Every structure is written in C-alpha cells, then in structure tokens.
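Please look over the sequence and the model below before reading on. The paragraphs that follow lead through the structure one part at a time.

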Amino acid sequence: MKLPKDGLSATGVTKILVCGGAGYIGSHLVQELSTQQDYEIIILDNLSKGHIKSIPKGIKFEKADIRDKTALERIFSKHKPDAVMHFCASISVGESVADPLGYYENNVAGTIYLLQVMKKYNVKYFIFSSSAAIFGNAKEVPIPDDARPEPINPYGDTKFVVEKMLAWSENAYGLKYICLRYFNACGAHESGDFGEDHDPETHLIPLILQVALGQRESISIFGDDYETKDGTCVRDYIHVTDLATAHIRSLAYLIKENKSQSFNLGSGEGYTVKEVINAARNVTGHPIPDKVEDRRIGDPAILIAGSTRAEQILGWKRKYNTIESIVASAWKYHKTHINGYNY
Ligand SMILES: NC(=O)c1ccc[n+]([C@@H]2O[C@H](COP(=O)([O-])OP(=O)(O)OC[C@H]3O[C@@H](n4cnc5c(N)ncnc54)[C@H](O)[C@@H]3O)[C@@H](O)[C@H]2O)c1
C-alpha cells in the first residue's frame, strides 16, 4: 500500500523518522518502506541492540539515544520529519522483572522525550510498537482488539503506560497515533540478507535453528502437559515483513483518516511448540533433538489473537500464512548468517 501521493511536506515527500530502525522489526520496516518512492527515511538508533549492517546504503542514519533530548532536538530540527515510527525499547520480560526501573526509563521516559520533541516540532503522526504483553493472562482467546489490558510484568506495563500517554496526548495536543500490539514477531526478509539477531536470543524459532546449525544440542520444551492438542504451549507467530506492511498501512490510514487506533496483529491461529519444531525439521532436514523440561512459571497455555480490526480497517492481510513459510524465511537468513550480522 502506498502512502498518499502528495505526502505531507512541501516537497511532496513524506519524511519518516524510524526510531529503532536498526533493530529486528524496525530494519524490516525500513526494507519495505525503501521499496516505495514517496518518502524519505531517517533512522535513529543508539545501536545498543541494533546492527549497523542492517541499515541499507543510502538511508540516513543518526546514532542517538531517545533519552537524550538535546540530540532529539538536533535531529528534528535537521530532518523535519512528518511522522515517527517508534520501535525503540528494551524488550525482555525476564530482564524487566529484574530491572523494572531501567525498563520504565528506556521505554516510558524515552518515549516521553520523543513525544515532547514531536510536540515542539509540530510532528503529529506516531506509530507505536506495542505488545501482546499488555494483555497479561488473557481471559478470552483469541484475544479481541478491545480486550482490557492487564499487564503482569514491567515490560508489558511500560507498553500499556505509553498507550495511555498517547491517548492523553491526543486529547491535549492533537497527536494522532496507532498502537500495534504484536504477538510473536518472527521470520526474515525474503532476500535472506536481513533477519533476527538478538543478544541474548530468547525467541523460539532462532533458538530451534541454532540446533540445526550445531550451535546448541537440543531445544527445550517447557511443559508438555498443557491442555492443548499435543500438550505444548500455543503461540501466535507473525512474520516480520507482515508487521512491516501493517506499519505502512497504519501510517497511510493516519494521514488519510486522521484517527487514532489500536490494532492487534496476530494470526488468529497459533502453533504449538512441537509444531514449530516439526516445521523446522521439515525445512532444515535436521532431526533437531528436543528436551522436555518443567513448565515455566507464568506461561499461559494458549496465547493467540485475531487481527479483525486491522483486517477490516487497514485492509491488512498476512502474506506468510504457514509456519513452514515463516521458518523457511528464517532459515534462509540464519544458514548464511550463523553469527547474525557478525557472520
Ligand atoms: N520481537 C517481538 O516479538 C516483539 C513483540 C511485541 C512487541 N515488540 C516491540 O517491537 C519493538 C521492536 O522490537 P525488536 O524485536 O525489533 O527489538 P530490537 O531490540 O531488535 O530493536 C529495538 C531497537 O531499538 C534500539 N534502541 C533501544 N533503546 C533505544 C534508545 N534508548 N535510544 C535509541 N535506540 C534504542 C535498539 O538499539 C534496537 O536497534 C520493541 O518496541 C518491542 O517492544 C517486539
């Protein structure tokens, strides 16, 4: 989907500041955006977790921290963005429990500075990377778009606090925003040149593929006695390129309709841990030994969401509809980048 042709700026080009654009999901958004011509991309990232090698040649890059308001002002004054997409965050649930204040500082205080500078420079459009973690132990699955957020850890709470800040900022300053609540982001760019490289890696698919690459002996399954079809937990896996297209559609919608919204981005289906491992066995041809361990505290049996609202309002459709296609795209990246971007 294209952004409105005349853009927002005097030049007819929409300038988008992508905060966290050197990270996993942000870099895939940049890949998708850079295939279109009607706007200019500026990446802001402190590279605490992002990768300089994920930034395509020719894309403007500012190394800066969103908690540095002076740097933000310099960047806004220099580039005069029309819209901000905000991917920056500390993203580990476990780490957030151990260091909640660090998480509130980066995810909440950092976002406050960003919104304040947006306000000062009269930037009205904001797309926010929220998370399924705002829902905590969901009472209804698939989780509907209008489910009540009840986060159960500091990470999820930082996302919920920002969502509330956005609503009040719209009320006070006329900010227009979209919150995208992702479920499990996964997969890699179709070229095989860009993919997932977190340190430490905690996500299931890259961990499984590390077994196929001989980097770990087996994959742990935490509990096989849940009330699911094979006893293992069910999660919702969304391809990172599908997330990227949801961002582009969201911005186009905001510019056209000028209406703030929140959307769940899930598949409505979900796969068990065993199904994901089996898909990886089929894709890689490797036996991928698994090891059943005790359940982890706080792991719900099933966590999936529909995307009814995003489909109806944004016309968003997933391109990657099977776990095999998602795992195959991840494998294409990992087998040629065995140490991620430091291959
Ligand atoms: N990966 C998932 O499955 C998932 C699921 C739900 C929500 N999210 C959200 O999506 C966003 C992107 O996640 P990701 O997996 O791409 O993470 P990531 O760590 O790969 O990307 C985050 C990027 O932000 C940068 N960053 C962090 N703090 C910064 C700061 N203070 N100043 C400047 N740059 C900073 C990092 O260097 C990194 O490049 C996050 O907000 C995350 O909470 C991710």
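Predicted model: local features only at pLDDT ≥ 70, side-chain atom pairs only at ≥ 80, totals over all residues.

Just after helix H5, Gly174 takes a positive phi of about 80°. Which residues of H5 are buried? They are Pro154, Tyr155, Gly156, Asp157, Thr158, Lys159, Phe160, Val162, Leu166 and Ser169. In an α-helix, residues three or four places apart point the same way, because there are 3.6 residues a turn. The buried residues of H5 pack against helix H3 (93–98), helix H4 (100–120), strand S5 (125–131) and strand S6 (176–182).

Two of those partners, S5 and S6, belong to an open sheet of seven strands, in the order S3-S2-S1-S4-S5-S6-S11. The pairing in this sheet is parallel. Strand S3 (60–63) and strand S11 (261–265) stand at the edges, and each has a single partner strand, so one side of each is left without a neighbour in the sheet. From one strand to the next, the twist averages 20°. In general, the strands of a sheet pair through backbone hydrogen bonds, either parallel or antiparallel.

One pair can be followed in detail. Strand S1 (residues 14–19) and strand S4 (residues 83–86) run parallel and are joined by four bridges. Val18 has Met85 as its bridge partner in S4. Helix H4 packs on the sheet and touches S1, S4 and S5; its direction makes about 175° with that of S4. H5 also packs on the sheet, where it touches S5, S6 and S11, and its direction makes about 155° with that of S5.

H4 can now be described in the way H5 was. It has 21 residues and reaches 29 Å between its first and last C-alpha, close to the 30 Å expected at 1.5 Å a residue. Its buried residues are Tyr103, Asn106, Asn107, Gly110, Thr111, Leu114, Leu115, Val117 and Met118. What covers them includes S1, helix H2 (69–79), S4, H3, S5 and H5. Just after H4, Asn122 takes a positive phi of about 60°.

The model also holds a ligand. How many residues surround the ligand? There are 27, and the closest are Gly20, Gly23, Gly50, Ala89 and Ala185. Helix H1 (24–33), H4, S5 and strand S7 (184–186) each supply at least two residues of this shell. H1 gives the most, with three residues. The shell divides into eleven nonpolar, twelve polar and four charged residues.

Strand S8 (residues 219–222) and strand S13 (residues 290–293) pair in the parallel sense over four bridges. Ile219 stands opposite Asp290 in S13. S8 has a covered face, Ile219 and Ile221, and an uncovered one, Ser220 and Phe222.

Ile221 is also one of the contacts of Val273, a residue of helix H8 (residues 273–284). Is Val273 buried or exposed? It counts as buried because it has 25 C-beta neighbours inside 10 Å, and the cut-off for a buried residue is 20 or more. Leaving aside neighbours within four places in sequence, Val273 is in contact with Leu204, Ile221, Thr232 and Cys233.

H8 is in turn part of what covers the buried residues of helix H10, along with S7, helix H6 (204–212), strand S10 (237–239) and strand S12 (271–272). H10 (residues 323–334) has twelve residues, which should span 16 Å at 1.5 Å a residue; its end C-alpha atoms are 16 Å apart, so the two agree. Among the buried residues of H10 are Ile323, Ile326, Val327 and Trp331.

Some loops have backbone features to look at. The peptide bond from Val141 to Pro142 is cis, with omega near -10°, and Pro142 is found in the loop between S5 and H5. The bond from Asp199 to Pro200 is also cis, with omega near 0°; Pro200 lies in the loop between S7 and H6. Leu47 has a positive phi of about 60° although it is not a glycine. Leu47 lies in the loop between strand S2 (39–45) and S3, and counts as partly exposed because it has 14 C-beta neighbours inside 10 Å.

Conventions:
Residues numbered from 1 in each chain as written. Buried ≥ 20, exposed ≤ 12 C-beta atoms within 10 Å, placed from the backbone. Contact = placed C-beta atoms within 7 Å. Near = placed C-beta within 6 Å. Nonpolar A, V, L, I, M, F, W, Y, C, P; charged D, E, K, R; others polar. Pairing = 2+ DSSP bridges. Axes fitted to C-alpha atoms, helices over the stretch in contact; angles between N-to-C directions. Expected span 1.5 Å × (residues − 1).
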